[in-house]
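Welcome, and thanks for taking a look at this structure.

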Amino acid sequence: MAKPRVAIIGAGYGGLALANILAKAGYEVTVYETHSTPGGRTGRLEQDGFIFDTGPSWYLMPEIFDHYYELFGKRASEELNLTRLRPGYKVFYEHDQPIEVTGDLTEDAKLFESYEKGAGTALEKYVSASAQTYTLAVRHFLYSNFQRVGEFLAPEVLRHAARMTRLAFQPLHSHVARTVADVRLQKILEYHMVFLGTSPFQAPALYSLMSNLDFMSGVYYPMGGMYRLIESMVEIGESLGVKYVYETEVKSILVENGNAVGLEFVNGERVDADIVVSNSDLHHTESKLVPEAYRSYPETYWNRREPGPGALLVMLGVTGQLPMLRHHNLLFVDDWRGNFKAIYEDKHVPDMASLYVCNPSKTDSSVAPKDTENLFILVPMPAGVILSEEEQAVHLDRFIGQFAQTIGVPDLSDRIITKSVFGPQDFLTQYYSWQANALGGQSHILWQSAMFRTPNKSKRVKNLYYVGASTTPGIGLPMCLIGAELVYKRITGDTHSGPVEQIEVRE
Ligand SMILES: Cc1cc2nc3c(=O)[nH]c(=O)nc-3n(C[C@H](O)[C@H](O)[C@H](O)COP(=O)(O)OP(=O)(O)OC[C@H]3O[C@@H](n4cnc5c(N)ncnc54)[C@H](O)[C@@H]3O)c2cc1C
């Protein structure tokens, strides 16, 4: 019997991850990508001897990657040549001494204690609860399409129901403020909310589970750069017979009598398919690729949803060393709340911003020429704000100046030997990103998380699915892996929650 043909729109991490699962399950899979290379937001730029990762740089939730690779009889640590970063990251404050988070809870508890009496024990308790929440989330919520109410009645969930409900309806900041009083420490327990496209003042305290990643499971790096993740996905796909068609932009999904029957490309060509999956931004898929009569989520739906933030990215090659930096560096402004408010509520570009700076040449000499440093600076931006080139340049100079001053390197700008900028406008034109959001989807406020997130299946087209950061379970590379399993479960009619144990090959 002929294999069912699956057409996947987009070679982002989510699309690639799903392609491998379906190919292993016995489907004939083709991935259509508008760009000339795979990866989408997980990109790579080679310039003047530097190799820049242009998107993700934090390899978190290692067990999610481990599980995905095990489905293919492989080990993530070997395929990706992972190294654990110690310290996990360094935090710079505007007016205080920096702090290094080692990733060893005992060490970090001592550090917290040195800042505030009782904060060490408070941290240990906080992280232990965070680990419990994380385990519950992985076992019952993250890998669920929420098709069976029974899942919520699992004894383990019921045992923790009161605590989980409390955490769901309380902002993270209130929860953290009850744990430690020192604002420097509070920021360390809150900054991850940017990874989830939201702010600690809006995100539910359930996301305190992120602290488990910092203090317990650790921060890793694939030697050679994060783009290794994309290469590895494609290697697996090629071995399973996945076909990749680049420089091919999908114009529309062809639908007949409520069934997706294929794709039409911008060049006018068409292909037939038995199943269509879009890894393109969900808003773009629903408002441009799906024919109007078959849209599940019209503009009125999106008007009620909150996008994650935009971003202004700059990649710099700098002469000489920057010994004060670590691989991951976070620069926190004093006006923490005001900075989040500017970006997430008032939606204007702040004068000073909390910044993230990756310096992978600290770990990996292959990403920068000798006696230089590779820097990637991320400035969160309000969603929907598009900057002209001139505005962008002015903001960038200011933020690079802020960075240079905070780390005490006044001549940083003079030491730049190569530079590349990627701004909100680029997210729009390169990824058709809804409201120019950077991370790939809606923010993770409560009403856009778990069962409230836009589902991965069309309501109107029987065999049309969605995968990637803009659908369930959400933003980030590990979430894209889980999301790929969720689509596989939808297609195969598997309604249980929890990770797939093995990929069943179709009869
Ligand atoms: C600056 C930055 C930093 C980040 N940091 C981290 C981090 O440290 N850790 C982490 O885990 N996550 C991080 N993320 C988030 C993570 O990168 C994303 O959540 C993830 O890469 C999204 O993958 P995706 O598969 O959903 O989509 P995308 O990467 O957006 O891929 C979608 C693909 O579809 C293609 N496409 C779209 N429309 C069409 C069409 N019509 N025809 C053909 N092809 C089409 C696009 O070209 C693209 O290749 C970061 C993201 C950014 C931008």
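This is a predicted model: local features need pLDDT of at least 70, side-chain atom pairs count only at pLDDT 80 or more; totals for chains, interfaces and linings use all residues.

- Strand β11 covers residues 259–265 and is joined to β10 by 6 bridges, with the two strands running antiparallel.
- Together with β12, these strands form an open sheet of 3 strands in the order β10-β11-β12, paired in antiparallel fashion.
- β10 (250–256) and β12 (270–272) are the edge strands, each pairing on one side only.
- From one strand to the next, the twist averages 25°.

**Helix α1 against helix α17**

- Helix α1 spans residues 13–24 and helix α17 spans residues 477–492; the two pack at an angle of about 40°, with their axes 8 Å apart.
- The two helices α1 and α17 are therefore oblique to each other.
- Where α1 passes α17, the crossing is right-handed.
- On the α1 side, the contact involves Y13, G14, A17, L18, I21 and L22. Their counterparts in α17 are L477, C480, L481, G483, A484, E485, V487 and Y488.
- Sorted by class, this contact of α1 with α17 has 11 nonpolar, 2 polar and 1 charged residues.

**Helix α1 against helix α11**

- Helix α11 covers residues 227–240, and its axis comes within 9 Å of that of α1, crossing at roughly 25°.
- That angle makes α1 roughly parallel to α11.
- The crossing of α1 and α11 is left-handed.
- From α1, the residues making the contact are Y13, L16, A17, A19, N20, A23 and K24. From α11 come L229, I230, M233, V234, I236, G237 and L240.
- The contact of α1 with α11 has 11 nonpolar, 2 polar and 1 charged residues by class.

**The shell around the ligand**

- The ligand is surrounded by 36 residues, of which the closest are G10, G12, G14, G40 and G468.
- The elements giving two or more residues to this shell are α1, β14 (310–319) and α17.
- Which element gives the most to the shell around the ligand? That is α1, with 3 residues.
- By class, the residues of the shell divide into 18 nonpolar, 15 polar and 3 charged.

Key
Residues are numbered from 1 along each chain as its sequence is written. Axes are lines fitted to C-alpha atoms, for helices over the stretch in contact, and angles run from 0 to 180 degrees between N-to-C directions. Helices (H or I, at least four residues) and strands (E, at least two) are DSSP runs, numbered from the N terminus. Angles under 35 degrees count as roughly parallel, over 145 as roughly antiparallel, 65 to 115 as roughly perpendicular and the rest as oblique. A crossing is left-handed if the near helix is turned anticlockwise from the far one by less than a right angle, and right-handed if clockwise. Two residues are in contact if their C-beta atoms, placed from the backbone, lie within 7 Å. Ala, Val, Leu, Ile, Met, Phe, Trp, Tyr, Cys and Pro count as nonpolar, Asp, Glu, Lys and Arg as charged, and the others, Gly among them, as polar. Two strands pair if DSSP finds at least two bridges between them. A residue is near a molecule or strand if its C-beta atom, placed from the backbone, lies within 6 Å of it.
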